[in-house]
Amino acid sequence: MMRNSSAILVMLILLIGFTSCKNKEKKDNQAVQKEVKTEVAKVAVPQNIEVVKSKPEDVKVPEGMVWIDGATFMQGAVDQDKMAMDHEKPAHNVAVDGFFMDVTEVTNSQFKKFVDETGYVTVAERAIDWEEMKKQLPEGTPKPHDSIMQPGSLTFKKAKSSVPNLYDFSQWWSWTIGANWRHPNGPKSSIKGKDDYPVVHIAYEDALAYCEWAGRRLPTEAEWELAARGEEENAIYFWGNDASGLEKKANTWEGEFPVTNTKTDGYEDRAPVKSYPPNNKGLYDMAGNVWEWTGDWYNTNFYNEMLSTNAVTKNPQGATAPFNERDPYAKEKIMKGGSFLCNASYCASYRISARMATSLDSSLEHLGFRTVASVEMAKKEKD
């Protein structure tokens, strides 16, 4: 038992920035300077700035996508959001040109077509490279036993009784050999009959490979938030500020996390895409179901630096380098949208501004993605 537990923790340490949805108490870490300065990847522009708002008439909407009008808006937590975490603040002005976005998360069927045509093998299906993995771990971290170091991914497991310490995410995550996008709950599970479910166990590299094949890209965090917000300019959720009736709006965890899921929303874990109403832009699952990758580095200083410029930032691409003051070894990207594991007592990450960080090679059973296309990309689409 001890050997197995320590091996799981070694795997889980890569996920320390995002699987715990609650704010962690800050710990002293002399190896980390809290005032690390990061160049802001932005273009400083006047406050009143022009963006590409409407879809050009000569550009066709790609199949399975919708047009998102460009706009200037406040990115980050709104004032009335009492659940907002520190890393969702301060809100800051950004301007984003219009773009196309997938109506749903990429599905098993869509990802299978990509794999069938390219022969691509996901990170979760490949042999584990310990030499590469240990670069992201504290020096001296022992190598897990070879019986553990086999292709796999992280799967969720319910706790048998109440969990007093929700900071200890190892109580509900398990390193599962044989778990991958084809076997989302472990080697004995299957995606047969689940073509319209969101594909999961997708590492960042996997998402990029799919995007290259599809002629798309991952959204920036600002693009994702603009799309999720839709016409709800100052709302907490994509439907407004009222969390009542959540089970009819999103796939989340009802009951005591991580012990009992009452399945009031109809699902224990992932749900087929389009199982819940879309936002007012026609986008499904912008809250709950599975987390979604963005292209932005996770940097705990970035929002403060954005605000300090006293200017609107046009088409922000995120920080130019990652930085997480809780984990100096981490190289993490931002994911958005929450998942079927989000619960009001734990994280409520079905809120628009919610954001979490995950390492590039991480894959989990509640992490997928959707793609976007610029006007230029859409022009290259084949008829």
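Visitor: In which loop is Pro90 found?
Guide: Keep in mind that this is a predicted model. The peptide bond from Lys89 to Pro90 is cis, with omega near -5°. Most peptide bonds are trans. As for its place, Pro90 sits in the loop between β3 (71–75) and β4 (92–96).

Visitor: Is Asn310 buried or exposed?
Guide: Asn310 is in the loop between α6 (302–308) and β9 (312–314). Phi of Asn310 is positive, near 55°. The cut-off for exposed is over 50% relative accessible area. Asn310 has 70%, so the residue is exposed.

Visitor: And Ala348, buried or exposed?
Guide: Phi is positive here too: Ala348 has a value near 50°. The residue lies in the loop between β10 (332–336) and β11 (355–359). Buried means under 20%. With a relative accessible area of 2%, Ala348 is buried.

Visitor: What separation do the C-alpha atoms of Ile128 and Gln150 have?
Guide: Ile128 is in the loop between α2 (108–118) and α3 (130–133). At 22% relative accessibility, Ile128 counts as partly exposed. Gln150 is 22 residues away along the chain. The C-alpha separation of Ile128 and Gln150 is 6.2 Å.

Visitor: Which residues have the most contacts inside the largest nonpolar core?
Guide: Nonpolar side chains tend to be buried together in soluble globular proteins. Here the largest nonpolar core has 73 residues. Its residues with the most contacts are Met101, Phe111, Trp172 and Phe369.

Visitor: How many residues are in the other core, the one with Met65 and Trp67?
Guide: That core lies apart from the largest one. Phe100 and Ala373 are also among its members. Its count is 7 residues.

Visitor: What is the bridge partner of Trp291 in β12?
Guide: β8 and β12 run parallel, joined by 2 bridges. Trp291 is also one of the residues touched by Phe369. Its bridge partner in β12 is Leu367.

Visitor: Which exposed residues lie on the face of α2 turned away from its buried side?
Guide: Start with the buried residues of α2: Asn108, Phe111, Phe114 and Val115. They cover an arc of only 125° around the axis, so they are on the same side of the helix. α4 (204–214) is included in what covers them. The face turned away carries Asp116 and Glu117.

Visitor: Which residue follows α2, with a positive phi?
Guide: The phi value is near 75°. The residue is Gly119.

Visitor: Are the rings of Phe111 and Trp181 stacked or edge-to-face?
Guide: The structure holds 21 aromatic pairs. In this one the centres are 5.2 Å apart and the planes stand at 75°. Planes over 60 degrees apart count as edge-to-face. So the pair of Phe111 and Trp181 is edge-to-face.

Visitor: How many residues apart in sequence are the parts tied together by Phe111 and Trp181?
Guide: Phe111 is buried at 0% relative accessible area, and Trp181 is buried at 1%. Phe111 belongs to helix α2, whereas Trp181 is in the loop between β7 (173–177) and α4. The pair therefore ties together parts that are apart in sequence by 70 residues.

Visitor: What angle lies between the planes of Tyr210 and Trp213?
Guide: Both are in helix α4, 3 residues apart, which means a separation of about one helical turn. Tyr210 is buried at 7%, while Trp213 is partly exposed at 30%. Their pair is tilted, with centres 5.4 Å apart and an angle between the planes of 55°.

Visitor: Which ring does Lys333 lie over?
Guide: Lys333 is 4.0 Å from the ring centre. The ring belongs to Trp297.

Terms used:
Residues numbered from 1 in each chain as written. Predicted model: local features only at pLDDT ≥ 70, side-chain atom pairs only at ≥ 80, totals over all residues. Heavy atoms only, no water. Helix = DSSP H or I, 4+ residues; strand = E, 2+ residues; numbered from the N terminus. Buried < 20%, exposed > 50% of the residue type's maximum accessible area, 1.4 Å probe, protein only. Core = buried A, V, L, I, M, F, W, Y, C linked by side-chain atoms within 4.5 Å. Contact = heavy atoms within 4.5 Å. Pairing = 2+ DSSP bridges. Arc of directions from axis to C-beta. Phe/Tyr/Trp six-rings, centres within 6.5 Å; stacked < 30°, edge-to-face > 60°. Lys NZ or Arg CZ within 6 Å of the ring centre and 35° of its normal. Lists of a residue's contacts leave out its neighbours within four places in sequence.
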